Amino acid sequence: MKKIYLFLLLFAISGFAQNANPFAIEAAVLRGNILPHTEDMYHLVNGHPKGFMVSLVNRTDGSKEWHRAYNYPDYGGYFLYQDFKSEALGQNYAVGALYNFYFWKRRLQLKLSQGIAYTTNPYDKVENSRNKAFGSKFMGNTNIGLAYDHQNLFKNIGFQAGLLFTHYSNGRVKSPNSGINTYVLNLGVSYNFADDLKREVDTTTVQKSYKEPIHYNFVLRTGINENPIIRSGQFPFYHIGFYADKRLNRKSALQLGAELFLTNSIQEYIKYYSVAYPEDNIDANTDYKRIGIFIGHELLINRISLEAQIGYYAYQPFKKDIPIYDRVGIKYYFTKKIFGGFTIKTHLFLAEALEFGIGYRL
């Protein structure tokens, strides 16, 4: 049945894309292993996850500056199916957006993709209490892949083989939320709808310096989350940041800043912890606020950029989490000064929040 679904999907996408020469379709089968990152994950690992991934991509032609700056990448959308071979985990379906970047004479492909996933078998206190990985039916999905890619192995048909890392987490919007990480081998084919895609090479472009003076940024990130106690309730959070950024060149900018975390679910967690674990001598009135300092890197593509940060809690009265946190996500510049973003904040592999942000760059 799954093969029939895949065939129908390929047929539908093929029909849509036949009149658009820059488009190509990629289809790969996947098989690999789960990476258990907490002790309560090992009982869920019963077999080797398998699945497939189908992508519809636009092969950039150099008509825009960022095409040439990034060696003519692809961008588009994907559909991902994974069966975890575990009754408790079930199957996941995901859709989202992707970029393919190329190196080594376009034979090495780096795939970065982000989307939304649906699981068939989330945690349920009565029916599925073993699944501490997925606390909700919907969650975020992030994938990173590295593959050998030959796009014209036989006329318009290409071949690819490599590794794909997949991650599913709801960002602790709802507990439990251990999340699942897998690494899988992928073996696939591609079909280019253009017989001879011409890429523009602009030899008249004047070299431009992208270096800028230091800029200052204010950003508010918000959303809802739940503390690690299952069904303890969802509460809003407000993460307020200020940082300086320094653009180094066409692609990179460095960041240094500080932020205040007002995470209301932690306030409730402190009250619970003070009662449930009196031997730890936690005062119910312990300050829930945290202050972090961080460094970051921004990969500038066009209006879209990819952001990664790592930070340390300089002020953390309630020390249940480790003092180091990290954040990855995507940013979109509406204007040169106003931007929005979607990020996930974690403590190593354990997600704390899915953040929706709005910011201003001075």
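This is a predicted model: local features need pLDDT of at least 70, side-chain atom pairs count only at pLDDT 80 or more; totals for chains, interfaces and linings use all residues.
View 1. Strands are DSSP runs (E, at least two residues) numbered from the N terminus, and two of them pair if DSSP finds at least two bridges between them. Local features need pLDDT of at least 70 and side-chain atom pairs pLDDT 80 or more, while totals for chains, interfaces and linings use all residues. Residues are numbered from 1 along each chain, and side-chain values use heavy atoms, without hydrogens or water.

**View 2. Strands S1 and S2.** S1 (residues 23-34) and S2 (residues 50-59) run antiparallel and are joined by 9 bridges. Ala24 stands opposite Val57 in S2.

**View 3. Leu44 in the loop between S1 and S2**. Leu44 has a relative accessible area of 1% and is therefore buried (under 20%, 1.4 Å probe, protein chains only). Its contacts (heavy atoms within 4.5 Å), not counting residues up to four places away in sequence, include Ser86, Leu89 and Arg130.

**View 4. The largest nonpolar core.** This core has 22 residues (buried Ala, Val, Leu, Ile, Met, Phe, Trp, Tyr and Cys joined through side-chain atoms within 4.5 Å). Those with the most contacts inside the core are Leu80, Phe84, Leu89, Phe134, Tyr168 and Ile180. S1 gives the largest share, 3 residues. Phe134 touches Phe84, Leu89, Tyr168 and Ile180, among others.

Conventions: Helices (H or I, at least four residues) and strands (E, at least two) are DSSP runs, numbered from the N terminus. Buried means under 20% relative accessible area, exposed over 50%, partly exposed in between (1.4 Å probe, protein chains only).
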